[in-house]
Amino acid sequence: MMDPQVLERHGLKPDEYERILRFLGREPNLTELGIFSVMWSEHCSYKSSRVHLKTLPTDGPQVLQGPGENAGAIDIGEGLAAVFKIESHNHPSFIEPYQGAATGVGGIIRDIFTMGARPIALLNSLRFGSLDAPGTSRLLEGVVAGIAGYGNSIGIPTVGGEIAFEPSYAGNPLVNVFCLGIAKASDIIKGVASGVGNAVYYVGAKTGRDGIHGATMASAEFDDKSAEKRPAVQVGDPFMEKLLLEACLEVMRTDALVGIQDMGAAGLTCSTTEMGSRGGAGVEIDVSLVPQRESGMTPYEIMLSESQERMLLVVKRGREAEVERIFGKWDLHASHIGEVTDDGFLRVKNRGTVVAEIPNRALTDEAPVYRRPMEPPDYLAEVQRLDLESLDAGASTAPGGASIAPSSNAALLSLLASPTIGSKRWVYRQYDHMVRTNTLNTPGQGAGVVRIKGTDRALALSVDGNGRYCYLDPYRGAILAVAEAARNVACAGARPLGATNCLNFGNPERPAIMWQFARAVEGIGAACRALDVPITGGNVSLYNETDGRAIYPTPVIGIVGLLEHADRVVSRAFRKTGDAVILLGEGRGELGGSEYVKVVYDLVRGVPPAIDLAAERALQLLLVALADARLIRSAHDCSDGGLAVTVAECCFDTGGVGVEVSIGGVEVSRRAAVNCAAALFGESSSRVVISAAPESVRVVLARAASAGVPAAVVGRVGGTAIRIAVGGTDAIDVPVDECERAWSTAIERYFAQKVA
Amino acid sequence: MRARVFVTLKPSVFDPQGKTIADALHALGYGKVEDVRQGKYFELDLATTEAVQARALASEVADKLLANPVIESYRIEVD
Amino acid sequence: MATFGVIVFPGSNCDHDAYHAAKDVLGQEAEYIWHKDTDLKGADVVILPGGFAHGDYLRCGAMARFSPIMREVAAFAARGGPVLGICNGFQVLLEAGLLPGAMLRNRSLKFQCEHVHVRVEQTDTPFTLACARGQVLRIPIAHGEGNYFADPDVIARLEANRQVIFRYTNAAGELDAAANPNGSASAIAGLCNDARNVVGLMPHPERACESALGSADGLVIFESVVQSLTSGALVARA
């Protein structure tokens, strides 16, 4: 009988152990226990999330590959596929920010090129605690440097993303990385092992002791013993990965491979058993043939190592020499370490002696699946109450909050200067966003846009999430996240085609967290169906908690859209004095969960804005049509900070050109100041600020009307100030320069450095 | 035999990394650390048994690759 | 029709971009030349592209300079053939001694990717003969180690010899500390060898050949060398 402490250290529960006994018909040895522990960890098996993920929409005529492979793929026309996925590397990034983030980038890139696609763009979604709190700026600096260090070196542009700062993420930063690649649809290659006797090859970096039990670390919370876990963080080598990438793409062009998979979480174990499972075959390897960079490694260590930059290949009979030669050209050594069998077992040998033998399906398809108990959290009813009347009453409920409403000008400047809204230029200028000469816009736009050489097409991509909304209402918050990602893509002029999700939550063994998860997944499903963006794959990161405090439930959605003509791409900034400013959609002054209420009153309360998904869909299709017809000069959607922030942002990077806007008032309270703030800073959904040449206005409004999208001219580009009137009364009048200064130094000022 | 090669920036070359490190130490209260220069350290495992040969080989390798003579100088220890 | 030979080191990334600029934008011939090759396949002009050859490990370009193809590149340069080193390629030329000086880390200690302005200082090189002296080009940089250094007497000699070809300036073409993105000595963004046929620059002209990408100011550098090859002689323009 296995020692209960050994079981616990492996993250296995007693009932899970019973299942292992039943599968094997005997006790497992330590190597086999290690293999089960990583494959049955939350990170690899999705045991807490599978029953919910199964409800997501994954079909559509545009889907070439749905969830279940290393990445998803959608048809983008002309025989091409967009291959993409998002993944998390949260826990390692807290332990070692640079390498945690760098290896996160490395991992997602491998997931793309292992499918036969050349990676062409990266995005990232980052969440940290408040920048004012000690330690946050160091974390931000390390994570950004790690992403830059890896992505720049391997030559894939980081073209956009999002960064948010909330106390909730203080001990549990979120680092979600998205990668997009292009392949000929007919060239997509899967992670499958088949054909008895076909050779199994290992190529890439040598195996060391790094990262052992990385998968189990990602499946547990942090506590004060976390510092000792440092050895479990791997060091990335982007140069090695560049060689692997080029060599693998070259090998794939020869059609000599049956299947290929990268070694990520749970390393050699995961890739061998998953490839075997998918092919309905068995895989047998001898660990003594695995290239090792440390001496005296045991089979346990070799099977569980998470050394980076390694690939597993199954080669067609007779093509082995060819494959070895191509890898040799890139100074890589491809080692023949095993064979495909027909008995469905993962069989591990060491110098010819069997040291582990487990049926593949036990490790994959038949891993435990849990339907964990769920219950709405206690806090919910209370926090959903936002008493607007009290906001201007002379006493705020939060110690850091204002006691009376600030002037609208002051509020706008505060919001623009807040790190979540402020310019991220300090970050993105560290990313090479231009390499490969495909990037059609600068980062900071909402969606990144990359053209596809050899065609007239371009792809727009965006990643979005909102932990605060999901905390207040996980179902609605998740819908809003999907809507925003798709809307950002549509603002660029691209039709949203497919989605990937990264679900960052706390400990699923707590019913409140499991409830948040289930509700969020329901929301994602509802939105993806309504907006016709099927989920093609993704990642789940659970146990994001420290000392029992979980992060806000944070689903992050990545969406890819298609521009059939790259020259129709639309960006955010106003372009010409005299252009008309048109508001699509309607504001209802919804302040629940808003950035305004947080920044000014230090409150996280209320319910997130309502959303009509049919109206949202109509809006997105309209944006794409307007862009295609070259009728608009700019488009920017309303999100954090509401309309006033959106309008201000449209004036940035224009050389100081301002805007004059007049909008209707709203009545959400008895207090004029609150109503004004609600109109300016409320975050009502499905709204986009566009600009158009005066001669195009009539047509734009007509198109909006026939699409059923509310639209009205609200102002004009011009002047040197940002001026907004609400209900006929001037509310905001601030010089553009002042606003732009507040916005552009929002993050920069934390890192102001004097270098002689 | 093992040779250790210490590669440092020439005095005339401005070292922004060293300066940043010194500033950080000052901010932590180490005013007595007046200056910091950052360099590189290499350990070479050599297939020779003679110290003289080891030093010569390490020197050749340092000249050829490990140090850039435009901006760096080096010293060698052998044991 | 000129043939551009784009050298590919393990870790080069911008080889595709240089190839695209030469072939698809300029309509010339282009070839990739692998670093282990021992001949330049009849290239009329050689480009050492940007990227991270050998991961930039040890020092940028320190190991790439020993690649077999570099012997051919040096011989080609010695014969007067036009050689352009862009970013990492410039670093390789420096390490190989084909250009004087060395690169240090940016003063900011951070990688910087953004558009900058450079002023063309001399037009009697194959890569600037279609420019006007003082012409300001808006071209992107993307580097972490672009801080040019050389001993003061080397710098003095470079200036006296008119070997500084591009200098970082503001949009009006004026020298300005704020316009020097990385702290380079004398705001040097690019320079040439004594014989004026080898040019290295840190900015990426191949990323500024199409206005859809934000600027087409880099095209003139490629057009210059095509012109110099077809006209057969360097023609300096004031």
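Which residues does A:Gly161 touch, not counting residues up to four places away in sequence? They are A:Leu123, A:Asn124 and A:Val463, where contact means heavy atoms within 4.5 Å.

Good morning. The complex before us is a predicted model, in which local features need pLDDT of at least 70, side-chain atom pairs count only at pLDDT 80 or more, and totals for chains, interfaces and linings use all residues. Residues are numbered from 1 along each chain as its sequence is written, chains are lettered from A and ligands numbered from 1 in the order in which they are written, and side-chain values use heavy atoms, leaving out hydrogens and water.

I begin with confidence. The predictor assigns the complex an ipTM of 0.96 and a pTM of 0.95. Chain C has an average pLDDT of 95, and 97% of the residues score at least 70; pLDDT is the predictor's confidence in each residue, from 0 to 100. Over residues 234–238 of chain C, however, the pLDDT is below 50, and this stretch has 16 contacts in the model beyond near neighbours in sequence. Where pLDDT is low, the predicted coordinates should not be read in detail.

Let me return to A:Gly161. This residue lies in strand E5 (residues 158–165) of chain A; helices (H or I, at least four residues) and strands (E, at least two) are DSSP runs, numbered from the N terminus. A:Gly161 is partly exposed, with a relative accessible area of 46%. On this scale, buried means under 20% relative accessible area, exposed over 50%, and partly exposed in between, with a 1.4 Å probe and protein chains only.

Next, helix H4 (residues 152–160) of chain C. Its buried residues are C:Val154, C:Ile155 and C:Leu158. Why do they lie on the same side of H4(C)? They cover an arc of only 100° around the axis, the arc being that of the directions from the helix axis to the C-beta atoms. An α-helix has 3.6 residues a turn, so residues three or four places apart point the same way. The face turned away from the buried side of H4(C) carries the exposed residues C:Pro152, C:Asp153 and C:Ala160. Among the elements covering the buried residues are strand E8 (147–149), strand E9 (164–169) and strand E10 (188–192) of chain C. Just after H4(C), C:Arg162 adopts a positive phi of about 60°.

To close, I summarise one point about each region.
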